[in-house]
Amino acid sequence: MEGELLAKGAGGGRLPRRHGAPDLAALGPATRCKRRSCRSLGSLRLQAASELKSDPPSAWPKRCKAPEVPRSSEPKKISLLGSTGSIGTQTLDICAEHPDEFRVLAMAAGSNVDLLAKHVREFKPELVAIRNPTLVETLKELIKDVHPQPEVYAGEEGVVAAATHPDCESVVTGIVGCAGLRPTVAAIESGKNICLANKETLIAGGPYVLPLAEKHGVHILPADSEHSAIFQCLQGLPEGGLRRIILTASGGAFRDWPVEKLKDVKVSDALKHPNWSMGRKITVDSATLMNKGLEVIEAHYLFGPDYDHIEAVIHPQSIIHSMVETSDSSVLAQLGWPDMRLPILYTMSWPNRVNTSEDTWPRLDFVKMGDLTFREPDRQKYPALDLSYAAGRAGGTMTGVLSAANEKAVELFLEEKCGYLDIIRLIESTCERHQSDLVTEPSLEEIVHYDLWARDYAAEQVSNLGLIAA
């Protein structure tokens with residue numbers, strides 16, 4: 001059943017319980033009084049749905065009323081976190097094509113110092129940060145002839161400085177993982193609107209981040225294709241107008257594979273996405289459908305419907321990026337070619353629209369598009385979906401643990417240290433172990449603590465995989 005933590009799909013199996021509970025002493029008595037014990041995630045879900053859990057305020061509670069903002073004659077000033085990654089480079093492509101609309105005042109990257117230096121030369125930000133402090137002198141040397149010289153920062157403090165640049169209006173968050181959480185929190189506290197491309201901000205940090213955004217009057221604008229589609233469909237919807245959210249999924253590399261073949265999957269198989277060109281981790285997530293499970297959780301936090309009113313459907317063509325059903329049974333959908341630039345552009349320009357060139361932004365041709373088809377996800381092939389619903393209903397730190405365990409398990413799979421079916425086994429084992437330590441209203445420190453704990457625990461479980469497979 002969906003409420004059960006243990007996924008009974010492809011490969012089945014159960015990890016033995018072991019490993020002591022995380023050390024919570026340093027987290028203080030507030031943590032311990034908020035911990036909830038239960039025998040299974042199914043029972044936890046039933047408790048959390050009643051008296052134990054109060055959901056944080058959603059970013060856009062079942063509707064979106066856009067403010068009336070006149071179009072400015074000046075470019076919108078943005079800060080870009082993760083400038084050398086996929087989201088970052090596409091954001092910079094947009095800024096290069098539309099210099100009258102956007103100006104990059106600050107940028108931050110991890111360790112790709114050569115590409116970061118190239119971006120500094122092209123976009124001439126006022127502030128640049130590199131997370132790896134050992135590369136700061138290399139960066140300064142590479143950009144020493146750039147005029148005017150930007151301020152150069154290093155480490156997490158440098159990324160926070162980029163996120164909180166006093167003249168920036170919006171921050172594009174393209175840093176992967178919980179590494180993007182603290183800078184995003186700092187940006188919210190500085191009153192910056194968030195162009196959200198970092199899933200962990202809401203999946204792990206939702207219970208903390210959403211009340212903070214409400215407190216500071218900050219807009220959280222989704223930059224992934226599915227939630228951008230929903231966000232666009234919600235524009236102008238009246239109070240009480242939303243009935244259901246329908247997320248579309250490509251089905252990933254194995255949508256046409258029989259379940260029986262999944263035990264033989266190799267890394268190269270999982271990386272053959274039929275529609276999208278993406279990074280290795282997200283491509284594997286698409287194959288397991290964990291990406292869609294995480295998007296279900298994110299949709300709950302962004303838009304407010306309960307999990308019974310968020311559905312996922314396989315749509316192989318990836319033309320409809322998601323849909324909403326309204327209270328009168330109408331269905332609104334956002335369509336377009338598979339192209340991540342459009343949702344990124346919309347978060348940056350909202351509530352306005354930017355006129356794009358037909359040469360660089362191909363128009364959707366309904367004749368070329370052909371047939372649109374849909375199918376129900378096979379729960380045996382995609383046990384990650386039910387596991388995500390169960391973790392979402394548990395709430396609190398469980399969703400962050402789910403995401404962190406998945407990230408570690410996928411990393412191990414890509415390094416060929418575990419099999420494809422072991423990904424879900426590792427995740428469910430980690431979530432199962434976390435049940436007795438669940439924090440329903442976590443602090444930022446607790447969110448980060450359990451993110452790190454989940455990664456360590458999942459990695460330690462690899463030695464038990466032979467027991468699971470047996």
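Is E311 buried, exposed or partly exposed? With a relative accessible area of 32%, E311 is partly exposed; buried means under 20% relative accessible area, exposed over 50%, and partly exposed in between, with a 1.4 Å probe and protein chains only. The model is predicted, so local features need pLDDT of at least 70 and side-chain atom pairs count only at pLDDT 80 or more, while totals for chains, interfaces and linings use all residues. Residues are numbered from 1 along each chain as its sequence is written, and side-chain values use heavy atoms, with hydrogens and water left out.

The chain contains 20 helices and 13 strands. Helices (H or I, at least four residues) and strands (E, at least two) are DSSP runs, numbered from the N terminus. Of the 470 residues in the chain, 57% are buried.

E311 belongs to strand β10, a member of an open sheet of 4 strands in the order β10-β9-β11-β12, with mixed pairing. Two strands pair if DSSP finds at least two bridges between them. The edge strands, β10 (310-314) and β12 (331-335), each pair on one side only. On average, neighbouring strands of this sheet are turned by 20° against each other, direction ignored; axes are lines fitted to C-alpha atoms, for helices over the stretch in contact, and angles run from 0 to 180 degrees between N-to-C directions. Strand β11 (residues 320-326) runs antiparallel to β12 and is joined to β12 by 5 bridges. Within this pair, I320 stands opposite L335. Helix α10 (residues 225-234) lies across β9 (242-249), β11 and β12, at about 40° to β11.

The side chain of E311 also meets that of R244 in a salt bridge (2.8 Å, N to O). A salt bridge is a side-chain nitrogen of Lys or Arg within 4 Å of a carboxyl oxygen of Asp or Glu. This pair links distant parts of the chain, since R244 lies in strand β9, 67 residues apart from E311. R244, at 22% relative accessibility, likewise counts as partly exposed.

A contrasting setting is found in helix α13 (residues 290-303), where K292 and E295 lie 3 residues apart, about one turn of the helix. Both residues are buried, and the closest N and O atoms of their salt bridge are 2.6 Å apart. K292 and E295 also take part in a network of salt bridges with K199, D224, E226 and E298. A search of the whole structure finds 25 salt bridges.

Conventions:
Contact means heavy atoms within 4.5 Å.
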